[in-house]
Every structure is written in C-alpha cells, then in structure tokens.
Amino acid sequence: MKTLTEIVMPKLAESLVSATIDRWLKQPGDTISMYEPICEVITNKVNAEIPSTVEGRLVSILAKDGEDVPVGAPICVIEAIEESAGASVPASAPTAVTAQPSHASDESDIPVEGDMRGRYSPAVQRIAAEQGVDLQLVRGTGLGGRVTRKDVLAFAASGQPKATVAAEAVKDATAKTEKAPVRTTGLHLSETPRIPQIEVESEIPGRGEYFIDITPIRNAIARNVKQSVTEIPHAWMMIEVDVTNLVNLRNKLKDEFKKREGVNLTYLAFVLKAVVNAVKDYPIINSTWATDKIIVKRDINISLAVGTEDSVATPVIKNADQKNIAGIAHEIDDLARRGREGKLTLNDMSGGTLTVNNTGSFGSILSYPTIVYPQAVNLTFESIVKRPVVINDMIGVRSMANMCLSLDHRILDGVICGRFLQRVKENLESFSLDTKLY
C-alpha cells in the first residue's frame, strides 16, 4: 500500500532552529531509496545532506532553493511504498550529515519583474562554462526570459554550435592560477594562493558595477555576525607577549615533528595550550550569558577560526584541555585542511565554548575580532615580529606578538580579562627548549 509522507526539516544540532535549502538532489517523479540524500541544506556555515527516511517516489517539493525552513516544518512529500513508512518523519529523525562543497541555487523559479534574459545565476554560469556554451545563444524559458540550468543542458545536448569563450575563460583562469608566483609573506607561505570564486549575477549596462549573488554561506555569516554585535556588548583588550623562547623551541622541534607525525608543528598549537591552561585558572572565560544567569562550561572546546578568501568557518577542538601539544597540532591540521576543502560536518562546527583566531598567519599585528555567538570571548594571536625591547635597562632584539581579546561585557570586566591575558602571557613565555610535546 502506498501512502503520502511528509519529510520535515530535522534538528541537525542542539541550537538549530532553522536551515536553508541549498539545492534539491531529487526532483518530483524521482524514485528514492531509504536514507538516500534528497537535498542539501546549509546551517552554521556548512552544507549537510538530508536523507529520506522512507522509500518511495518524490511527489512534490514544498521548500524552494534558498528558502529558510524552521525545524519541524515539511520540505517535501514522498509517496511511500510500505504502509509502515506512512507516519510523518519526526524532527529528531536520524540524519546522515556530511559536508559538501557549496553550490549556488538556480533562481529561475523566484518571481521577478522585468526582462531577465541578461541575468544568469551562478549555477547556470558554472554549467555553461563546463559545457562550453555561450549563454547569449541560449533561449531562456524561465520567468522574464531568464536562462535556467535545464535550458543550458538542453542546448548542449541539441548539438548546436557552441562558443568556446566560456571554456577558454576557465582554462585561462586555471593557467593563470598555476603560473601565479608563490607569495613570500602572509597566509600562503608554501602554496599558490587560491583565487576566490566570485559569483557574478550580471553586469548593469552603462554602469561601472555588477551584482554578486549572496551565497548561503555568506548569508549565514551575515546573520550570525549581526546577532553577535546586536546582542553582545563588545569590549576589547590587548597584551604584548615575548615569544622568543617559543620561536627557538619550535625551530628546534618542527622538522623532527613533521617527519615523525606527518603534520606541521605550528605556533598555534602552543598558543592553544597556553590558552587552555589559562582558562583552567579563570573558568568564567569559558561561559555564556543566559539572561538571568551565567552558564560556565565544564568542557573547554576551542572554536578555531579557519578562513578562506571568501568565507570563514569555526570548527571545534573538543576537550582541548585533555590534549597535549602534539594532539592539538594534529587537530589543527585536520580541521584546517577539511575546512579549506569544504569537508567539515555539523558535528565539527558545534559545541565551541571560546574562539581562538590565528590572524597573525596573514601578517596582522592588531585586530578586533567579533565574538562567536553565544560565547563570551574571541582571542586572536597576531603576527610574530622582531622588535627592539628594553630588558634590564638594556635594548635587545626579541620576537614579539600581540594577543587581542574581544569580551562580552555583560559577563566579563577588565580586571578578570586582564588577569586572564596575563596568565596566557606567562604560559607562552614559560615555554623553553625543555618543553615536552607529549
């Protein structure tokens, strides 16, 4: 017996109240197996696949691409094969969540006014480039004459002459990227810099400007940042740290560590260890505001800011206080690599209690970080630079770095944060050539 079953937006994380439909992997009429992914959604800056919890045929889609859907709201209707699958899927249904590269949606079904023949969504532009299709030759069937993905694929399959402009442009960009010189300073010390993928919607005739489609990731970042600066009263502090001994220690150990462990021994691993030990002494740093009380977290889970040219993610090192420096180095390498590759999962992004950002990796010496809501602090480790420093009334050249702290002034004041930063400073300056990594 066949019954109609509504698939609802599941609760993918504890604090999740909604998610945005990125794109549908199945269309009405498609046959769907049990637990087969039917769509991609985006929340907390990563994409996740929503699987079907019944086997059957997709009847209708209730939530369009780009639509923000509350947890528990229906997103589609499936004609289930088995009667036992007829009950509506609960919001707590298990989901197979995997990170996927972000894809722009085709906006051909969004009502717009006027002539849309010259406006192309990023998905359409991508497919046209892959197929070598000149979009000016394609007749659009979308609203206002807009070209859809189906139009491009139909044109490519029709065997009509294709312009090679788009394909050549892609090859050109690739060639330029491959031949680009490697930077000698900043973030890209050993790799060719990646070029950000700017998704241009269309140019405005006669004007020196163009539109860029807002991606789901950028929209999530905007929403989260707005919530942080609107609800959290930010204050800021900075302290200067002498990391000369740390530089000497890392230089002594990094080659052997790389050979033994297969990952880089970065300064950030030592910084996180110093921060974690300071949080143990000042646990109020590891807290959140809850209107009528302050919640102090027992677990120290550090959100690590991982940035690319067009977005930033904050994967979490869970129970960082239980890891040694070598273990933290492995976590940093794994999360940073998967963050750049777009392979972070929702589990990777959840549970952070405070954030540390290595802004010094691209040469910054002072920054004012935005707090990751609902945490209480965001701490940045700035660039290490050699400076003349007065020591015992004598001038010496030392490796110095600034540490900048944004704090939630509802929870924290200058005294406690000043003491916390002093403890981080003491921990960093206490590293010596005898410090053990394990």
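Among contacts in the chain between residues at least 6 apart in sequence, what percentage join residues at least 24 apart? In this predicted model, the share is 64%. The chain has 438 residues, of which 43% are buried. Its secondary structure comprises nine helices and 21 strands.

## Helix packing around α6

Helix α6 spans residues 267-281 and packs against helix α7, residues 325-340. The two axes come within 9 Å and cross at roughly 120°. On the α6 side, the contact is made by Leu268, Ala269, Phe270, Leu272 and Lys273, which meet Ile325, Ile328, Ala329 and Ile332 of α7. By class, this contact of α6 with α7 holds eight nonpolar residues, one charged residue and no polar residues.

Helix α6 also packs against helix α9, which covers residues 414-429. Here the axes lie 8 Å apart, at an angle of about 135°. This angle makes α6 oblique to α9. The helix α6 passes α9 in a right-handed crossing. The α6 residues in this contact are Phe270, Val271, Ala274, Val275, Asn277, Ala278, Val279 and Asp281, and they meet Phe420, Arg423, Val424, Asn427 and Leu428 in α9. Sorted by class, the contact of α6 with α9 has nine nonpolar, two polar and two charged residues. Phe270 is listed in the contact with α7 and also in the contact with α9.

## Strands and sheets

In what order do the four strands of the open sheet stand? The order is β1-β8-β6-β3, and the pairing is antiparallel. Strands β1 (3-8) and β3 (31-32) stand at the edges, each with a single partner strand, so one side of each has no neighbour in the sheet. For β1, the partner is strand β8, residues 74-80, and the two are joined in the antiparallel sense over six bridges. Within this pairing, Thr5 stands opposite Ile78 in β8.

A further antiparallel pairing links strand β2, residues 18-24, to β4 through four bridges. Ile21 stands opposite Val41 in β4. Is strand β4 largely enclosed or largely open? Six of the seven residues of β4 (residues 37-43) are buried, so this strand is largely enclosed by the rest of the structure.

## Backbone features in loops

Tyr35 lies in the loop between β3 and β4. Thr291 is found in the loop between β12 (287-289) and β13 (294-296). Exposure requires a relative accessible area over 50%. Tyr35, at 52%, therefore counts as exposed, and Thr291 is likewise exposed at 69%.

Another backbone feature is a cis peptide bond, which joins Tyr373 and Pro374 with omega at about 5°. Pro374 is found in the loop between β18 (354-357) and β19 (377-381).

## Val397 in strand β21

Val397 is found in strand β21, which runs over residues 394-408. Is Val397 buried or exposed? With a relative accessible area of 61%, Val397 is exposed. Not counting residues up to four places away in sequence, Val397 touches Lys386 and Arg387. Val397 and Thr244 are 153 residues apart in sequence, while their C-alpha atoms are 9.3 Å apart in space.

Note on methods:
Residues are numbered from 1 along each chain as its sequence is written. This is a predicted model: local features need pLDDT of at least 70, side-chain atom pairs count only at pLDDT 80 or more; totals for chains, interfaces and linings use all residues. Side-chain values use heavy atoms; hydrogens and water are left out. Axes are lines fitted to C-alpha atoms, for helices over the stretch in contact, and angles run from 0 to 180 degrees between N-to-C directions. Contact means heavy atoms within 4.5 Å. Ala, Val, Leu, Ile, Met, Phe, Trp, Tyr, Cys and Pro count as nonpolar, Asp, Glu, Lys and Arg as charged, and the others, Gly among them, as polar. Two strands pair if DSSP finds at least two bridges between them. Buried means under 20% relative accessible area, exposed over 50%, partly exposed in between (1.4 Å probe, protein chains only). Angles under 35 degrees count as roughly parallel, over 145 as roughly antiparallel, 65 to 115 as roughly perpendicular and the rest as oblique. A crossing is left-handed if the near helix is turned anticlockwise from the far one by less than a right angle, and right-handed if clockwise.
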